[in-house]
Amino acid sequence: MNKEIVIGTRESRLALWQARWVAEQLQSRHPGVNFRLQGMKTHGDNILDVALAKIGDKGLFTKELELALLKGKIDLAVHSMKDLPTELPPGLSIGAICRREYPGDVLISRRGLKLAELPSGARVGTSSLRRTAQLLRFRPDLQISTMRGNLTTRLRKLTEQNLDALVLAYAGVHRLGLAEQITQRIPFDICLPAVGQGAIGVEIRSGDERIQSLIDSLNDRETQAAVTAERALMKELEGGCQVPVGALGRVDGEMITLEGIVASLDGRRAVRDAVTGPVAEASALGRTLARRMLAAGAAEILNAARQEFDLHA
Ligand SMILES: NCc1[nH]cc(CCC(=O)O)c1CC(=O)O
């Protein structure tokens with residue numbers, strides 16, 4: 001039977017771009033199959049009357065899509081790997097991780113200045129603790145302005161709030177066709193990206209072999225290894241989005257190098273370290289690096305960050 005395959009996605013411009021891209025890739029590989037996009041609001045009311053315990057309290061951007069998957073309303077969900085919690089709800093799996101875009105963060109500044117050239121006390125907008133901590137570590141004089149909202153909103157705030165610069169993920173800026181606005185790719189020695197940044201993941205029901213075989217060829221071996229190592233590190237650190245954790249896995253042949261950082265919110269304390277090992281041991285490498293970093297002071301930094309967050313929550 002030629003039943004249509006429903007691809008679930010959030011409805012932000014970036015999410016729709018990513019879901020359409022996945023749909024196009026699948027359509028060209030399987031011309032005989034009908035693929036359809038299904039947009040979903042992430043803050044819908046139906047979240048309130050479903051067993052939340054099953055889903056957990058993370059996954060702000062993914063929960064509703066996961067519920068739709070579990071209920072069979074969609075057959076696969078397209079996510080930014082960065083937004084996907086390290087632990088998935090029972091019954092769901094990552095079926096494929098697509099070839100990663102350049103994973104780093106970029107600076108978009110109003111007068112074309114690089115990070116090192118911004119005037120003392122310059123106001124920089126960012127949405128994450130990870131970026132805040134690493135930016136302050138490099139430039140303690142900066143005034144960081146925390147901003148909410150999707151990419152389009154944040155770009156608007158650059159002018160509206162008269163900021164000097166924004167720091168964003170390259171991948172999002174590029175996918176929305178705004179790469180010409182980029183002033184600088186921020187070097188990885190200054191700022192490590194978020195776990196999974198730049199990679200698009202496809203989530204499916206565990207054991208759904210028909211869907212798994214349809215999406216198999218979307219998986220990129222190197223990206224999968226890198227993101228697997230990063231997610232293992234994050235899980236062992238019990239990071240989550242409320243603590244400043246950065247990570248980057250890079251594959252070279254059969255070897256992978258994983259770098260990680262845990263930094264205090266003010267950037268004054270940081271533990272940064274790296275491991276190298278076989279690609280086949282990506283998860284174990286992530287856990288090893290996490291334990292080493294925890295022992296070297298990351299545990300204290302994380303506890304302090306969590307306490308601070310609880311105070312303000
Ligand atoms: N936090 C939202 C988000 N989720 C994924 C991306 C970028 C795309 C990607 O990482 O694949 C962004 C925008 C940003 O952080 O600037």
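**Reading a ligand shell and its sheets**

User: Could we start with the strands: how do strand 5 and strand 8 pair?

Analyst: Strand 5 (residues 105–109) and strand 8 run antiparallel and are joined by 5 bridges. Strands here are DSSP runs of E with at least two residues, helices are runs of H or I with at least four, and both are numbered from the N terminus. Two strands count as paired if DSSP finds at least two bridges between them. Within this pair, S109 sits opposite A165 of strand 8. Before we go on, note that this is a predicted model: local features need pLDDT of at least 70, side-chain atom pairs count only at pLDDT 80 or more, and totals for chains, interfaces and linings use all residues. Residues are numbered from 1 along each chain as its sequence is written, and side-chain values use heavy atoms, with hydrogens and water left out.

User: What is the strand order in the open sheet of 5 strands?

Analyst: The order is 7-6-8-5-9, with mixed pairing. Strand 7 (143–146) and strand 9 (184–185) are the edges, each pairing on one side only.

User: Which way do strand 1 and strand 2 run, and what is the hand of the crossover?

Analyst: A crossover is right-handed if, with the strands pointing away from the viewer, the path from the first strand over the helix to the second runs clockwise. Strand 1 (residues 5–9) and strand 2 (residues 35–39) are parallel, with 5 bridges, and G8 faces Q38 of strand 2. The chain passes from strand 1 through helix 1 to strand 2 in a right-handed β-α-β crossover.

User: Now the ligand: which residues come nearest?

Analyst: Of the 15 residues around the ligand, K82, R131, A169, R175 and G198 come nearest. Helix 5 gives the largest share of the shell, 3 residues. Domain 1 (5–98 + 199–219) and domain 2 (105–185) each provide at least three shell residues; the domain bounds come from an automatic or database assignment.

Key:
Near = heavy atom within 4 Å.
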